[in-house]
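Hello,

Here is the structure we discussed. My notes follow below.

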Amino acid sequence: MTQPINQPVTPAIQQLQMQGIVKRFPGVLAVNQVDFEVRAGEIHALLGENGAGKSTLMKMLYGLYQPDAGRILLNGAPVNIRSPHDAIQQGIGMIHQHFMLVPSLTAAENVALGMRSSRGLVLDTDRVGAQLRELAARYNLKVDPDIPVWQLAVGEQQRVEILRALYRGAALLILDEPTAVLTPQEVDDLFRVLRQMTADGHALIFISHKLHEVLAISQRVTVLRDGQKVATIPTAGATRLKLAEMMVGRPVVLEYERQPVQRGAARLSLHEVSARNDRGHEGLRQVSLRLCSGEIVGVAGVSGNGQRELAQVIAGLRPITGGSIQVDGRPVTTADPAAINALGVSHIPEERMVDGVIKEFTVAENLVLQEHGHPRFTRAGLFMNFRRIGEACREAIKAYEIKTPGGDTPIKNLSGGNIQKLVLARELSRRPQVLIAAQPTRGVDIGATEYIHRRLLAERDRGTAILLISEDLDEILALSDRILVMYEGRIVGEIPREQVNIQQLGALMAGSSPARPGD
Amino acid sequence: MIEQILTASVFASTIRLATPYILAGLGETFSQRSGVLNLGVDGVMLMGAFFAFYTALITGSAVLGVIAALGVGLILGLATAFISVTLKAEQGISGIGIYLFGLGMSELLFQQWIGTPKSVTGFPDIFIPGLSDIEFLGIGEIFFQHNILVYVAFLLIPLSSFVLNHTTLGLMIRAVGQNPQAADAMGVNVTRVRYATVAFCGVMAALAGASLSIALLKVFQQNLTSGLGFIAVALVYFGRWRPYGILAGALLFSFVNAVQLQISAIGLDVPSEFAVMAPYVITIIALVFASKQTEKPTALTRPFERGE
Ligand SMILES: Nc1ncnc2c1ncn2[C@@H]1O[C@H](COP(=O)(O)OP(=O)(O)O)[C@@H](O)[C@H]1O
Ligand SMILES: [Mg+2]
């Protein structure tokens with residue numbers, strides 16, 4: 001039996017180069033003439049907005065796509081990588097944005113999958129499991145190899161992926177947005193492991209769109225924008241502002257000026273609200289909260305801890321199993337979405353392409369989706385008044401800086417940021433008293449994010465009560481007047497803006513009790 | 001009356017009649033575990049049944065008959081794989097196409113090449129020495145006086161279970177049926193695995209057909225299987241994609257078959273239509289209960305596309 005893991009790894013990749021890489025998809029030039037290089041012992045960050053082409057570039061390195069032009073050189077010699085199998089053979093591993101694990105299999109089975117067994121045709125998952133334990137101990141990555149993967153938390157699943165890559169002897173490891181699903185503590189742990197790997201001589205490619213992470217972990221950073229390479233620079237000489245400008249292509253603002261909070265009357269209150277999630281389990285457990293006019297309350301938490309259900313029960317989209325909800329003191333516990341809307345509650349849904357817009361409809365149609373029956377937009381209350389709808393649409397396009405060829409363009413042809421601006425335009429045009437914003441800038445470019453953030457702050461100053469549900473801690477920190485933390489369907493902590501402490505926030509998100517001063 | 005129905009020979013028939021269900025059901029299990037729904041099983045069974053019968057009739061050799069069936073099964077299995085894996089056709093519809101092809105083709109060939117009903121010698125029953133004459137509870141008659149294909153089918157159950165759960169191939173099959181993207185990313189050739197399982201499914205279906213035409217009934221006629229292949233597909237759901245589940249389901253149905261035959265043999269006054277419908281009604285009832293919370297392969301019927 002070979003024992004690949006007890007010896008220190010001697011990575012076979014000293015240098016990997018990608019030269020003049022081009023990749024087209026129907027209607028999109030996803031990657032355009034990109035050069036990229038990574039060496040043993042370094043962490044090279046690949047930075048860019050959503051849709052910049054980062055994943056596509058790396059999928060070509062891993063054999064998932066074939067480049068239309070360009071070549072890949074390993075230690076100076078050209079290689080042809082036609083499938084993930086080829087990539088693995090060359091010592092290349094990849095941790096995907098969406099994990100590539102088979103949920104019904106154990107960690108050990110997932111690692112054994114596609115590998116030769118030491119027992120020939122018969123599986124040797126017990127031996128694989130034992131070796132995984134040793135490897136896990138060496139890198140201080142806690143994982144139980146014998147539990148089906150679906151029972152593991154996302155952080156653990158990621159550790160399984162990392163261990164699998166190490167087990168397979170990956171000398172070059174690509175990590176595609178690995179921190180997106182992690183708590184701040186888990187990010188620290190991940191960074192520690194990555195540093196240990198580079199010390200062992202691995203070459204790492206770290207994909208991210210988060211500036212502070214890139215600054216914290218990498219030695220060099222390559223910025224992509226619209227499929228093109230902007231530049232490769234040493235991280236030591238970079239700043240957040242400079243990187244953001246390279247990403248967006250124009251100066252950006254990272255911090256907003258904000259007025260002091262003018263908290264008014266309570267608009268929305270939840271009293272011990274419980275609800276089931278899609279799988280029929282308890283998704284929300286006795287959640288109580290109060291939202292006042294003129295404040296933004298941020299709801300932080302790792303994905304899947306009840307945030308989605310919270311937004312849905314408030315919007316009337318999910319039945320509750322206990323507790324009560326009031327808007328302006330009026331009970332709405334059993335009200336339907338239209339009635340809740342009528343009380344001045346607007347909702348920016350998390351899945352904007354599913355719940356926010358109708359993909360096949362035009363910009364104008366989507367804009368009047370809820371108010372198509374309003375006297376403003378009808379003739380004699382029956383027929384749609386297309387002239388009025390067109391006017392309203394042109395106004396919204398202008399006011400919200402929506403980039404679209406026109407009001408009659410199908411919404412699916414717009415970018416994520418512009419679709420989100422449209423949803424925002426529609427929801428704000430009704431002058432809501434309460435706004436539930438769920439993941440308002442997920443998948444949205446920095447320019448549009450900045451715009452949406454300013455708009456939300458302006459709404460707050462106008463007196464709207466805003467509940468901001470977000471998995472993006474930076475967004476929570478930038479906008480919230482108070483922060484609530486959710487864990488396993490409960491609100492496990494509340495922190496006022498002035499007292500925010502990242503350590504404490506992270507601990508709450510991870511479900512541990514707040515860190516005491518000094519530990 | 002109960003003693004008249006539940007005789008040792010009824011239990012022996014139960015074992016014997018379970019054979020085609022087991023063979024076809026095991027093949028379908030492998031196909032579905034890898035994510036391909038093969039609805040054409042009944043058509044392939046008919047083709048296997050015909051070629052086994054025709055070869056045995058001409059050469060006088062049941063062994064050559066089985067070999068012919070295996071060959072036809074392999075060809076039809078590869079054709080099915082080409083349609084559903086390479087061409088990525090809608091699996092429900094293309095399966096029905098293969099069924100109709102097998103149904104029509106086997107009948108046409110029967111009329112062209114044979115014409116009138118004939119019978120073959122087929123496989124003889126093998127009496128296992130020492131075991132076949134156990135009198136106690138009729139054990140000898142029930143378990144140890146069957147043709148070779150019966151023994152083969154029953155031995156394939158533990159073997160299939162072992163392959164699926166304890167070999168590298170079985171792991172690849174399960175992974176490909178649950179998350180083909182992940183399997184691909186780990187260097188597994190998804191297309192090759194699916195070709196292998198779907199071809200195996202064809203071979204097993206044809207063998208199941210042969211077990212009818214040259215071992216169990218020793219005749220061939222139009223639509224010999226009368227939908228047995230569809231029951232085999234249902235059995236896979238019933239058995240929750242596990243070989244021992246197939247065994248349980250196959251025995252349940254063959255028992256109903258055997259009792260039904262016995263009832264008409266002893267001339268009980270039960271309308272024969274009821275007896276004929278019974279297995280199908282039981283299938284539906286069983287499926288309603290069995291298909292709850294299953295370990296269904298999540299990628300079942302979904303063609304694989306690399307890179308999302
Ligand atoms: N399989 C695909 N088919 C068509 N277009 C794609 C595909 N994958 C990515 N794209 C497009 O290519 C561009 C780059 O996408 P991607 O590489 O995923 O960006 P990033 O990872 O930087 O967010 C986007 O415009 C995206 O819509
Ligand atoms: Mg990406």
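Helices (H or I, at least four residues) and strands (E, at least two) are DSSP runs, numbered from the N terminus. Chain B has 13 helices and two strands. Its radius of gyration is 19 Å, close to the 19 Å that the globule rule gives for 308 residues, so chain B is as compact as a globular protein of that length. That radius is taken over C-alpha atoms, and the rule is 2.2 Å times the number of residues to the power 0.38.

This is a predicted model: local features need pLDDT of at least 70, side-chain atom pairs count only at pLDDT 80 or more, and totals for chains, interfaces and linings use all residues. Residues are numbered from 1 along each chain as its sequence is written, chains are lettered from A and ligands numbered from 1 in the order written, and side-chain values use heavy atoms, without hydrogens and water.

Now the interface. Chain B brings 22 residues to the contact and chain A brings 29 residues; contact means heavy atoms within 4.5 Å. About 2000 Å² is buried between the two chains, with carbon and sulfur atoms giving 65%. Buried area is the accessible area (1.4 Å probe) that two parts lose on being put together, summed over both. B:Leu171, B:Met186 and B:Arg306 supply 31% of what chain B buries against chain A, more than any other three residues.

One salt bridge links the chains. A:Glu109 pairs with B:Arg174, the closest N and O atoms being 3.6 Å apart. The cut-off is a side-chain nitrogen of Lys or Arg within 4 Å of a carboxyl oxygen of Asp or Glu.

Best wishes
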